[in-house]
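This note sets out several points for a colleague who is new to the structure. Please read the points with the model in view.

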Amino acid sequence: MKLATLSFPSLGDLAECMFHINVRRPSIDYEKYTFTAELTDDQIDRAGTFHATLLGAEDVLH
C-alpha cells in the first residue's frame, strides 16, 4: 500500500475515479480536485483511466 495523492482536471473525474477504484477514507481537497488515500499499485495504475496525475506516493507500513 502507498499513501498516494492524485490530482484531477475536474471534480467529476475525481468522483468517478474514487467510485470505480473503490477508494476508502480519502482526504479530499475540493478546491484543488485532489485526494490522498492509501492505495494499492493497481488502484494507482487504474486511476490513470480517469485522467489522474500522481502528485506523490510513499510506502505505508502497517
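1. Tyr33 is placed in the loop between E2 and E3; helices (H or I, at least four residues) and strands (E, at least two) are DSSP runs, numbered from the N terminus. Tyr33 has a positive phi of about 55° although it is not a glycine. With a relative accessible area of 31%, Tyr33 is partly exposed (buried means under 20% relative accessible area, exposed over 50%, partly exposed in between, with a 1.4 Å probe and protein chains only).

2. On the basis of the note: this is a predicted model, in which local features need pLDDT of at least 70 and side-chain atom pairs count only at pLDDT 80 or more, while totals for chains, interfaces and linings use all residues. Residues are numbered from 1 along each chain as its sequence is written, and side-chain values use heavy atoms, with hydrogens and water left out.

3. Helix H1 spans residues 11-20, and its residues Asp13, Leu14, Cys17 and Met18 are buried. These residues lie on the same side of H1, because they cover an arc of only 130° around the axis (taken from the directions from the helix axis to the C-beta atoms). Their cover includes strand E2 (27-29), strand E3 (34-39) and helix H2 (41-47). Just after H1, Asn22 takes a positive phi of about 60°.

4. Although buried, Asp13 has no salt bridge, and the nearest side chain of opposite charge, Arg46, is 15 Å away. A salt bridge here is a side-chain nitrogen of Lys or Arg within 4 Å of a carboxyl oxygen of Asp or Glu; Lys and Arg count as positive and Asp and Glu as negative, with His and the chain ends not counted. Leaving aside residues up to four places away in sequence, Asp13 touches Phe8, Phe50 and His51 (heavy atoms within 4.5 Å). His51, in the loop between H2 and strand E4 (53-59), has a positive phi of about 65° although it is not a glycine.

5. How many salt bridges does a search of the whole structure find? The search finds three. Lys2 pairs with Asp41, the closest N and O atoms being 3.8 Å apart. Asp41 lies in helix H2 and Lys2 in strand E1 (residues 2-7), so this pair ties together parts 39 residues apart in sequence. Lys2 also pairs with Asp59, at 2.9 Å between the closest N and O atoms; Asp59 is in strand E4, 57 residues apart from Lys2.

6. Asp42 and Arg46 meet in a salt bridge (3.3 Å, N to O). Asp42 and Arg46 are four residues apart in helix H2, a separation of about one helical turn.
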